[in-house]
Amino acid sequence: MSALAELLPMPTSVTPGSGTLSLGRDGGWAVAGDPELADAAAHVLQEWRGGPSAAAAPLIEVLQDTALPSEGYELHVTTDGVRIAAATPDGARWAAHTLLQLAGTDAVVPACEIRDAPRFAWRGALIDVARHMMPLEWLYSLVRQLSAVKYNRLQLHLSDDEGWRFESRLHPELHRIGGRRPRTDFPNLRPADEHPHVGWYSQEGLRALVEYARALGVRVIPEISMPGHAGAWQRAMPQLAARPEAFGESSPWRVPQQALSLTPECLVVIADVLDELVDVFDSPWIHTGGDEVAAHAWGTENTRAKQARFTGWLLDQVQSRGRALAVWDEAVEGTDLPAVLVTAWRGHEAVRRSALEGHHTIAATHPVLYFDHPQHADDIDVAGSGWRSTWEDVLAYDALDGVERPENVVGSQCQLWTENLPTPRHVEVAAWPRAAAHAQTAWAHPSHDPTTFAPALSAHLGRLDRDGVAHRPFSALPGWWLPEPR
C-alpha cells in the first residue's frame, strides 16, 4: 500500500511524483528557512524522530506563504529534498506531521506534492479528569496522540461532582477536600471499588503541559463546571451550596438536585477561580460548563432564568480578563449572548439551533461523538448505556448536515468521559480508532464509505502500536475486553 494512501487525515490534494527521498532512520533532519516556521516544523520532527544533524545537508526548507489558509500548507517532496510552504507556524507543524507519516519506519518518503488545509478551525477532544484523574505524564502522551492527527484543541474537564483537579492557591480547600472522594462507582459495570480516589494537578504542572501542547499546535482549554455538576465545590465549601439539604455524596451518571448558590459570597469565590485559571492557561477560551442544572436546584426559583443571568455575569467576568466564554448548550437557553462559544452536545439539533441563533458553535454531538459509549456489542467492559458509537458512525457524521448557518459551526469535538474509564489504557482503547475517524471528519470530510478510509485507519493503528498506545482492534473481535485497572 502506498504511503500516500495511508495519510490521516487525508489531505485535500495529493499528486504523486517520481522516485523517493531517504531522510535517514536515525533522525538527521536538517531544517532551514523562515525562522519561526522552520522552528515549529523542526520541533515536531524532533519530538518524534530525534534532533537535526549538524552535519546533514539542509534537506527540509520551510518558507512562509501568507496567501495560504491559516493552518494550511503545501508539501513538495523530490529526490533532492523537501519544501514546505505555510502561512503560520501551525501550518508548518501540520506539514511536518504529514511528512512523518510519509516517512514511516524506514524514513523513505515518496516524491509527491500535497496541498492541504483544515475544514474546521476547532478540532477538539475532551478528557474528563474529574471522575478519574489521569496521570500528568499521560496527558503529555495524549497531546502527542492528538497532535499527530492534527487535533488542535484539548479540553480538560477539571471539576465535577466527583472531583476537583485544579490547584487553587486562593481557596486550597477546593483541591484538598474537593480533590478527594472515598470511593468510585462503576454504573452497570461492576461494584464500587471502595478505594479512595485522591489527586489534583499543581499550577506549575499544568503550565508546563500547556507550554508543551502549544509547541505541538494544541491549545489546552480548562473547564470548571458551574453552577451544576458542582458537587466537589460544595463538598469543599458547603457554604456555596444552594440547597445544602439536597447535597450528598454524588454517584456518576446521576445529576444531584443541587447547584452553587450564586450568592455574592459564591460569586467572589468563582471570580477568584477565574483569576487563577487565566493565570495558568493561555487559552483564549475559558469553559464554565453549565449543563444539566437540576430543575429545582434553587427551589421554586426559575432555573432557566437564573442560569441565563449567571451566564451573562460569567461572560462579563471572562471578557474582563481578556478571554472568551465557552459553555455547554443549556447555558445559553433564554439568553441573547452571541459572544458565547457554545459546545452543543444534546444531539445534532442542538448544533443546528445554536448556529441559527448566531453562536459560534462546536459540534460535540451525543451519542456519536461520546467515546465513552461502547463501540460494539462485544465491549463487555463498558457500561451498557443503550447508546453505541462505532468508528464508521463517527466517520459518517457531518457536523454541517442541515445547518442553516454553517458559517457559525467553527468545529467539532469528541468527548472522553471517564465514569467507566478508570485508567489511561481504558481511555486509549475507548478513543482509538474512533478518534482517528473524528480527526478525518474534522480536518477533511465525512464519508459513508468506510472502505476508502480503511487503509489510512489501519496504518494509523500501526503507528499507535509502535508508540505504545492502546486501541481497540480494527475489526470487532468477539469477547474483546479491557484489562483490569492498574
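This is a predicted model: local features need pLDDT of at least 70, side-chain atom pairs count only at pLDDT 80 or more; totals for chains, interfaces and linings use all residues.
Two strands count as paired if DSSP finds at least two bridges between them, with strands (E, at least two residues) and helices (H or I, at least four) taken as DSSP runs numbered from the N terminus. On that basis, Gln-155 sits opposite Ile-221 in strand E13. The pairing here joins E13 to strand E8 (residues 153-157), runs in the parallel sense and covers five bridges.

Residues are numbered from 1 along each chain as its sequence is written, and side-chain values use heavy atoms, with hydrogens and water left out.

Back to E13 (residues 219-223): four of its five residues are buried, so the strand is largely enclosed by the rest of the structure. Buried here means under 20% relative accessible area (1.4 Å probe, protein chains only).

Helix H5 (residues 203-215) has 13 residues and spans 19 Å from first C-alpha to last, close to the 18 Å expected at 1.5 Å a residue; that expectation is 1.5 Å times one less than the number of residues. Its buried residues are Gln-203, Gly-205, Leu-206, Leu-209, Val-210, Tyr-212 and Ala-213. The cover over them includes E8 and E13, along with helices H1 (35-49), H3 (136-147) and H7 (264-280). After H5 comes Gly-217, with a positive phi near 85°.

Zooming out, the chain holds 13 helices and 18 strands, and buried residues make up 59% of its 486 residues.

How values were computed. Buried means under 20% relative accessible area, exposed over 50%, partly exposed in between (1.4 Å probe, protein chains only). Contact means heavy atoms within 4.5 Å.
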